[in-house]
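Please walk through this protein with care, one part at a time, keeping the sequence and the three-dimensional view side by side as you read.

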Amino acid sequence: MSENVIDEAMVAAAWDRNADQWANDVQAGFDVYRTLYTLPSFLSFMPDIKGKSVIDLGCGEGSNTRCFAELGARMTGVDLSRRLIAEARQKEAERPLGIQYENSSFSNMATLQPASFDVALSTMALMDGPDFPAAMREAYRILKTGGLLCFSVLHPCFITPATKWVRDEDGNHLGLRVGRYFDRTPFVERWHFSKRPSTDGIVPFEVPRFPRTLSEYINAVSDAGFRITKIDEPRPDTKLSEEHPWLARWYAHAPLVLFVEAAKAGP
Ligand SMILES: C[S@@+](CC[C@H](N)C(=O)[O-])C[C@H]1O[C@@H](n2cnc3c(N)ncnc32)[C@H](O)[C@@H]1O
């Protein structure tokens, strides 16, 4: 895959290739950052969704979508990957929660009616699509007046194309080196869940990434018409950092994720 021009078709193909192992690993609980840190923090940050009509943008195989449905929301999940949507539908068939799934881009949800959702959620997906401003315009279009958008992304100020931990000679983390913050060149990140019990026989995920600055994120939310109501940069708490020392660097030095909540204000 060329690393300089990455369009949505290439993103869809990459996630289709990742799909089987991604679904397996997430459902096996190997994504411990999600379980311990990013999802609990997001659940505390996001609005009450009980009884609401809610869309999950970039829902993947649907683990978080099912979690939101279990909180009492009427859920729709949207994802670009046909194979991840098939996996999500399969899980819905096995354990029905009333979730509808759409195979489309969050930057173009033409099949969805304007003003049809109370809340749009998105977890760790909007940094993986090439057109964030279009995703914000689409979220604005499909939300009802007074509706809320609430999303998480990798923190654009700290997870940059040249991020690297700086350590002392004993391996202790001294800080995070941030580099090439202004470099918006798309690239493909190859990785696996670091807490996976074994890496034997696995092919690393290939995840197309679209670096953006903090101002690009914030201005795109605002330019779409939203009023930003809340931002958070969650840390794992001290107890969690003591129990899982590998999480302590995200407590001590920098947040891994950025959370944004914004409202579609009335006229
Ligand atoms: C890191 S995964 C996160 C999935 C899910 N939200 C979760 O937390 O498990 C990123 C997801 O974004 C999806 N994605 C990337 N670009 C997209 C786009 N333009 N429209 C919809 N989904 C997209 C990918 O297919 C993938 O499922």
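In which helix is Ala14 found? Ala14 is found in helix α1, where helices (H or I, at least four residues) and strands (E, at least two) are DSSP runs, numbered from the N terminus. Before going further, note that this is a predicted model, in which local features need pLDDT of at least 70 and side-chain atom pairs count only at pLDDT 80 or more, while totals for chains, interfaces and linings use all residues. Residues are numbered from 1 along each chain as its sequence is written, and side-chain values use heavy atoms, with hydrogens and water left out.

With a relative accessible area of 0%, Ala14 is buried; buried means under 20% relative accessible area, exposed means over 50%, and partly exposed lies in between (1.4 Å probe, protein chains only). Although Ala14 and Pro208 are 194 residues apart along the chain, their C-alpha atoms are separated by 7.5 Å. Helix α1, which covers residues 8-27, also holds Asp25, and because its relative accessibility is 0%, Asp25 counts as buried too. If neighbours within four places in sequence are left aside, Asp25 is in contact (heavy atoms within 4.5 Å) with Phe30, Asp31, Phe193, Arg196 and Phe205.

Another buried residue is Ser81, whose relative accessibility is 0%, and which lies in the loop between β2 (74-79) and α4 (82-94). Not counting residues up to four places away in sequence, Ser81 touches Ala12, Trp15, Asp16 and Asn103. A polar atom of the side chain of Ser81 also lies 3.0 Å from the backbone nitrogen of Leu84. This falls under the definition of a polar contact, which is a pair of N or O atoms within 3.5 Å; within protein, one must be able to donate a hydrogen and the other to accept it, and residues adjacent in sequence count only if both atoms are side-chain atoms.

We can now turn to helices that pack against each other. Two packed helices are described by the angle between their axes and the distance between the axes. Here the axes are lines fitted to C-alpha atoms, for helices over the stretch in contact, and angles run from 0 to 180 degrees between N-to-C directions. Helix α2 (residues 32-45) and helix α3 (residues 63-70) pack at about 45°, and their axes are 13 Å apart. The two helices, α2 and α3, are therefore oblique to each other, given that angles under 35 degrees count as roughly parallel, over 145 as roughly antiparallel, 65 to 115 as roughly perpendicular and the rest as oblique. Arg34, Leu39, Phe42 and Leu43 in α2 meet Ser63, Asn64, Cys67 and Phe68 in α3. The residues of this contact divide into 5 nonpolar, 2 polar and 1 charged, where Ala, Val, Leu, Ile, Met, Phe, Trp, Tyr, Cys and Pro count as nonpolar, Asp, Glu, Lys and Arg as charged, and the others, Gly among them, as polar.

What is the angle at which the axes of α5 and α6 cross? These axes cross at roughly 30° and come within 8 Å, and α5 and α6 are therefore roughly parallel to each other. Their contact is made by Phe132, Pro133 and Met136 of α5 together with Tyr217, Ala220 and Val221 of α6, and by class it has 6 nonpolar, no polar and no charged residues.

Helix α5 (residues 132-142) has as its buried residues Phe132, Ala134, Ala135, Met136, Glu138, Ala139 and Ile142. What covers these buried residues includes the strands β1 (53-57), β4 (117-123) and β5 (143-154), as well as helix α6 (214-223).

Ile228, placed in strand β10 (residues 227-232), counts as partly exposed at 29% relative accessibility. Leaving aside neighbours within four places in sequence, Ile228 is in contact with Ile218, Val221, Val260, Glu261 and Ala262. Ala115 lies in the loop between β3 (100-103) and β4, and its phi is near 50°, a positive value in a residue other than glycine. Arg180, in the loop between β7 (173-177) and β8 (187-191), has a positive phi of about 55° although it is not a glycine.
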